[in-house]
Amino acid sequence: MPIYAYKCSSCQYEKDVLQKMSDPVLEVCPECNQPTFTKQVTAAGFQLKGTGWYVTDFRNQGGSKSADSGTTSTPAPAATPTSSSSS
C-alpha cells in the first residue's frame, strides 16, 4: 500500500497517510476541518533489492547480445590474402 503526503493550504498541516490506491482522496484537514487538504507530489520511496533489475542491466541499450549478457568475445583472426603466381 502506498504512502501519500497531504498538506492543508489553510493551516499548513502536513501528514503522511497509508492508503490503498482505490481509496478516495482526503479533502478535509484533520486539524482545522477545512476542505483544503490536498495530496502532494513526492518522490517515490522504494528501493529495488534482490537479484536482477539493477541500473546496470539496461545500460547498453542497443548493444550486441554478447555485451549485454556479460560474455566477452575475441575477434576472429584476420584472413591473410593468398597470392597466386601466374606466368
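Student: Which residues make up the largest nonpolar core?

Tutor: This is a predicted model, in which local features need pLDDT of at least 70 and side-chain atom pairs count only at pLDDT 80 or more, while totals for chains, interfaces and linings use all residues. Residues are numbered from 1 along each chain as its sequence is written, and side-chain values use heavy atoms, with hydrogens and water left out. A nonpolar core is a set of buried Ala, Val, Leu, Ile, Met, Phe, Trp, Tyr and Cys residues joined through side-chain atoms within 4.5 Å, where buried means under 20% relative accessible area with a 1.4 Å probe, protein chains only. The largest such core has six residues, namely Tyr4, Tyr6, Cys8, Val17, Cys29 and Phe37.

Student: Which element gives the most to this core?

Tutor: Strands are DSSP runs of E, at least two residues long, numbered from the N terminus. With three residues, the element that gives the most to this core is E1.

Student: What is the order of the strands in the open sheet?

Tutor: Two strands pair if DSSP finds at least two bridges between them, and E1, residues 3-8, pairs with E2 in the antiparallel sense over five bridges. Strands E2 (14-18) and E3 (37-39) each have a single partner strand, so one side of each is left without a neighbour in the sheet. The pairing is antiparallel and the order of the three strands is E2-E1-E3.

Student: Which residue in E2 is the bridge partner of lysine 7?

Tutor: Isoleucine 3 has leucine 18 as its bridge partner in E2. For lysine 7, the bridge partner in E2 is glutamate 14.

Note on methods. Helices (H or I, at least four residues) and strands (E, at least two) are DSSP runs, numbered from the N terminus. Buried means under 20% relative accessible area, exposed over 50%, partly exposed in between (1.4 Å probe, protein chains only).
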